[in-house]
Structure formats: structure tokens, C-alpha cells
Amino acid sequence: MTKVRVSMEVNQQMRDAQIEPRLLLVSFLREELGLTGTHVGCETTNCGACTVLLDGRGVKSCTVLALQAEGKKVTTIEGIGTAENLNPIQLAFWEKHGLQCGFCTPGMILASYELLEAEPDPDEKVIREALSGNLCRCTGYVNIIKSVKYAAKLRKKGMRGMRKGAA
Amino acid sequence: MNPKSFEYHAPKSVAEASSLAEEYGMDAKFLAGGQSLIPLMKLRLLSPSHLIDLGRIPGLSYIRDEGNHLAIGAMERIAEIARSDLVRKQCPILSQCAHQIADPLVRNMGTIGGNLSHADPTNDMPAVMVAAGASIVAASGQGSRVIPAGDFFVDTFTTALKGTEILVEVKMPIGPTRRGAYLKLERQAGDFGIVGVAAVLEMSSDGRCVAAGIALTGVGPTVVKATRAGEILKGVELDKNTIDRASRAAAEEAQPSGDLRGSAEYKRAMVEVMTSRTIQAAARRQAER
Ligand SMILES: Cc1cc2nc3c(=O)[nH]c(=O)nc-3n(C[C@H](O)[C@H](O)[C@H](O)COP(=O)(O)OP(=O)(O)OC[C@H]3O[C@@H](n4cnc5c(N)ncnc54)[C@H](O)[C@@H]3O)c2cc1C
Ligand code: FES
Ligand code: FES
């Protein structure tokens, strides 16, 4: 099959490549660009581990063609914070134990990111609804909800953080 | 899990998309949000050799108030419909339906045009369109035509669209005398429903129901219009006895089959319960504008 050119902005950097049209966005990010922070869980559009932001909206990147992101802005977990400069949502998940194995966490954090951009001070109902496309098999969600609420506070204060031992 | 290889086309106009569909015939599929199509392609249940992406055609995403109806572009995302203040105020049934489809991530990609064209009997939008008597605009290179929603859904995964036709717009009737609701019974958040019911009532100023449309999700080969249920509500006051009779009629008109989500008997019983709740929810609504 003939390859085609795709270009998009990933974490504020222009990226392009020759790809097979059937390449999924998640494979483009992980395999072409080496951004393995985006996880692959179910591969069947159910779990949300592969969530990335496409023009600011959370999508399941295992169910989007790379070509559907042509000319758009993609944000992955690597794009919102680093070990030296954690995003407040990352900091909040860490402090409130919003993760155990961490597999769902990049997706949870990006879905929370979209939510907090739209609603800086969400209540529990709104948080649960916003995360209803993201499954977690470890935490039972309680600490995830706490983390998002705490993230909302940290964002208001403009607080970011540093991972222990980083830098 | 990857789809089989295909050739990708990104037409810039409806006419161009239509002529590509004509050229490749049965080997081609239109791609909208991909939230139904891509999962099927990954499972290799469908393997079109040509994919015609409607996503780069300008001017297919909008929600406009046109007085007696809302005009919604086919590529409008379900999430935008769920978020829209205009839809919530003018057409709460559509807002309510959009909120209950899949999860926020799927809704960010999935489109109204795809939800209708896919014609899965468990897709939620079709029942709302049929109950409201909406119109669907189909276009090809040769011009466009308007298809009443009641004639649009032919069978499972089959609509009245010709292979070269693209769904371009939905016209959703609105007005001060209309009350609508869509309720859905689901096993878990974000799942397809077990049963869904759409009810749209046309109310007179003295509180009588002058016309009613009832349509059912998930209990037939395609959306089921509960015609008798609608007729029972017509011209009368919506007391408990009337609502009970209409709900029983809807349950009789349903054509459920048993599957993972429940037995046929169970689904029929749930149609009765959900129809009653939906009619009451619609009746309780304030005027839609
Ligand atoms: C996990 C999950 C849960 C879901 N839950 C629900 C649910 O609860 N309720 C529900 O209703 N749906 C549900 N869906 C389906 C979802 O709503 C789909 O997005 C929608 O049905 C299809 O919209 P799309 O834009 O993604 O269409 P696509 O997947 O791109 O296309 C679907 C079909 O329609 C055709 N098509 C698309 N647009 C047009 C057009 N404009 N003209 C002509 N043909 C067209 C395509 O060729 C294809 O055959 C769910 C999906 C997933 C993955
Ligand atoms: S891997 Fe994409 S939704 Fe599970
Ligand atoms: S922390 Fe393990 S799946 Fe969520």
C-alpha cells in the first residue's frame, strides 16, 4: 500500500512522517515518535489508557487514524509536564495516591486536563462523568476523584512540582 | 490490532466525496469520526479498500437556529451537541440524548451524521429523530434531497442513503409547544443501552397532548416507531391511566431479541417501564423555548 505524508503538531513540535494510511494515532505516537507515555490497554475503545488531546479534546488514540490528526494539535502526557516540572494534575495524583500500577494514569490525567480547562472547579459528579471513558482496575476511583479535586486547587495557586530525586 | 490496508482519500467537497464513492462503489466507506467504523475495521469485520474521509470537507459542522427547526451539520461532534447551550435551551431532548451516548472521549470524535448513518439499532440518535419527526438531508454530486427520519432507517446498518449520497444535515423540529425526553437504561456508564425511549409531545395551551411521537432504541432490527403508543396519547390529558396504556402498547410494538444485555422478555418489560418514565419526563418539561 502506498505511504502518505502526515503532519501534525505534537506537544508543540511539528512532526511529519510517511505512513501507511491505516496507522492508528496511538501507533504513530508510540512507534514513530517514541512517545510511549500514551498507553495501549484494551485496543477496543473501552479503557481510555490511550487518551490524548486532539485540539484540546480528549480522544481514544487507539480509535483515531493518524491521518485524522492531520494539521491538528496533539498533546500527550509527555507534553504537559516533566519530572523536573510536574503538571499540577500529575502532582495531585502523586500526592493523593491517585494511582497504583499507573497504567491508566496518563489517560486519567489527560481527561482531567480537558475537564479542568473547561471547568476549573468541578464537583464530584462532574469529575465522575468526565472520567467515565477511563477505566482503572486498581484504585477503585476514590483517590482519583480526590486527586482531580486537589489538582483544581493546585492549578488555582499556579503550583507545579518536582519529582523527588529528579533533576 | 490494525485495520487492513486501504487507500485514503480526503475530498474537499461533498461533490468530490460523492464521485469518489461512485468510482469505488462497494469497496469504499465514508469516514466521519470513526468511532463505529474504526473498531469494526480493527476487528476486520469490515475491510474497505478505500476510505473517504469526510473530515476535511469544510462547512459540515454547525448548529443553527432556523426558527422552526435546528439545523445541525453532519460532522458536528456529539460532544459539541451535548455542550451546546442553544441545543439545551431549544431542543433539550437532543441535548439529553447526546449526554447519554458512549463516554466523553468517544463523543469528542463521534458525529451526529455517523451516529445516524451507522444505523445500529442500539445507536441512540435515531429514536430521537424518529420521535421528533426530524428530516435528514442527503447530498451527492447531483444535488440534495430531504428524507423524513421515519423513512431513513431501513434495517440493521441500512439506511435510505444511496451509496453515493452523504448525510449532510439534520433538521430537528423545535417550537414552544413541544416537550421531549430521551431516557436510556444501561448496564454501565458509557455502554450502549439495554433499552432507550424517545418521547416528543405536542401540547396545547390547556395541557392536552395533541400529537405524540414515541420511538424505541435497542429493541428491533432498527429503531422502532411505537405508532400505537403515540396514538393513545393523542388528544387526551396525560393521566396515569393513559400513560400506562401507551407504555403497554409500546412494549407490544417492540421487537426485542435476547442478547448479552438481557432476554427478549426482560427488554419488553423494560420498554414498558422506560416508556412511562420518558412520557412523564417529557410532560414535566417546560416549553422548549
Ligand atoms: C465504547 C463505545 C461506546 C459507544 N456507545 C454508544 C452509545 O451508547 N450510543 C450510541 O448511539 N452510540 C455509541 N457508540 C457509537 C458512537 O456513537 C459512534 O461515534 C457513532 O455511532 C458513529 O459516529 P462517527 O462519526 O464516529 O461515524 P463513523 O464511525 O465514522 O461512521 C459510521 C458509519 O456511518 C457512515 N457515515 C458516517 N458519516 C456519514 C455521512 N455523513 N454520510 C453518510 N455515511 C456516513 C460511515 O461510512 C460508517 O459506515 C459507541 C462507540 C464506542 C466506541
Ligand atoms: S487502548 Fe484505546 S481505549 Fe483502551
Ligand atoms: S492505577 Fe492501575 S489501572 Fe489505574
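How do the residues of the shell around ligand 1 divide into nonpolar, polar and charged? In this predicted model, the shell holds 16 nonpolar, 15 polar and two charged residues. Ligand 1 is located between chains A and B, and 33 residues surround the ligand, the closest being B:A32, B:G33, B:Q35, B:G110 and B:G114.

Several elements of chain B contribute to this shell. Strand 2 (28-31), helix 2 (37-42), helix 6 (104-109), helix 7 (112-118) and strand 10 (166-173) of chain B each provide at least two of its residues. Among the contributors, helix 7 of chain B gives the most, with five residues. Both domain 1 (7-56) and domain 2 (63-173) of chain B are represented, and at least three residues of the shell come from each.

The two chains also touch one another. The contact between chain A and chain B takes 24 residues from chain A and 23 residues from chain B. On the side of chain B that touches chain A, at least two residues are supplied by each of strand 1 (7-9), helix 2, strand 3 (50-53) and helix 6 of chain B. Helix 6 of chain B accounts for the largest share of that side, five residues. By class, the side of chain B that touches chain A consists of 13 nonpolar, seven polar and three charged residues.

Chain A contains five helices and five strands, and their order along the sequence is β-β-α-β-β-β-α-α-α-α. The C-alpha trace of chain A spans about 50 × 35 × 30 Å along its principal axes. The radius of gyration of chain A is 16 Å, which agrees with a compact globule, because a globule of 167 residues would have a value near 15 Å. Of the 167 residues in chain A, 47% are buried. Among contacts in chain A with a separation of 6 or more, 62% join residues 24 or more positions apart.

Chain A is divided into domain 1 (4-79) and domain 2 (88-156). The centres of these two domains of chain A, taken over C-alpha atoms, are separated by 21 Å. Their contact involves 16 residues from domain 1 of chain A and 13 residues from domain 2 of chain A. On the side of domain 1 of chain A that touches domain 2 of chain A, strand 3 (51-54) and strand 4 (57-60) of chain A each supply at least two residues. Strand 3 of chain A gives the most to that side, with three residues. The side of domain 1 of chain A that touches domain 2 of chain A is made up of six nonpolar, nine polar and one charged residues.

One residue of chain B was examined individually. B:A215 is part of strand 13 (residues 208-217) of chain B. This residue counts as buried because B:A215 has 29 C-beta neighbours inside 10 Å, where 20 or more are required. Leaving aside residues up to four places away in sequence, B:A215 touches B:A127, B:V130, B:A131, B:A198, B:V223, B:V224, B:K225 and B:A226. B:A215 and B:L105 lie 110 residues apart in sequence, and their C-alpha atoms are 27 Å apart in space.

Conventions
Residues are numbered from 1 along each chain as its sequence is written. Chains are lettered from A and ligands numbered from 1 in the order in which they are written. This is a predicted model: local features need pLDDT of at least 70, side-chain atom pairs count only at pLDDT 80 or more; totals for chains, interfaces and linings use all residues. A residue is near a molecule or strand if its C-beta atom, placed from the backbone, lies within 6 Å of it. Helices (H or I, at least four residues) and strands (E, at least two) are DSSP runs, numbered from the N terminus. Ala, Val, Leu, Ile, Met, Phe, Trp, Tyr, Cys and Pro count as nonpolar, Asp, Glu, Lys and Arg as charged, and the others, Gly among them, as polar. Domain bounds come from an automatic or database domain assignment. The radius of gyration is taken over C-alpha atoms; the globule rule is 2.2 Å times the number of residues to the power 0.38. A residue is buried if 20 or more other C-beta atoms lie within 10 Å of its own, exposed if 12 or fewer, and partly exposed in between; C-beta atoms are placed from the backbone. Two residues are in contact if their C-beta atoms, placed from the backbone, lie within 7 Å.
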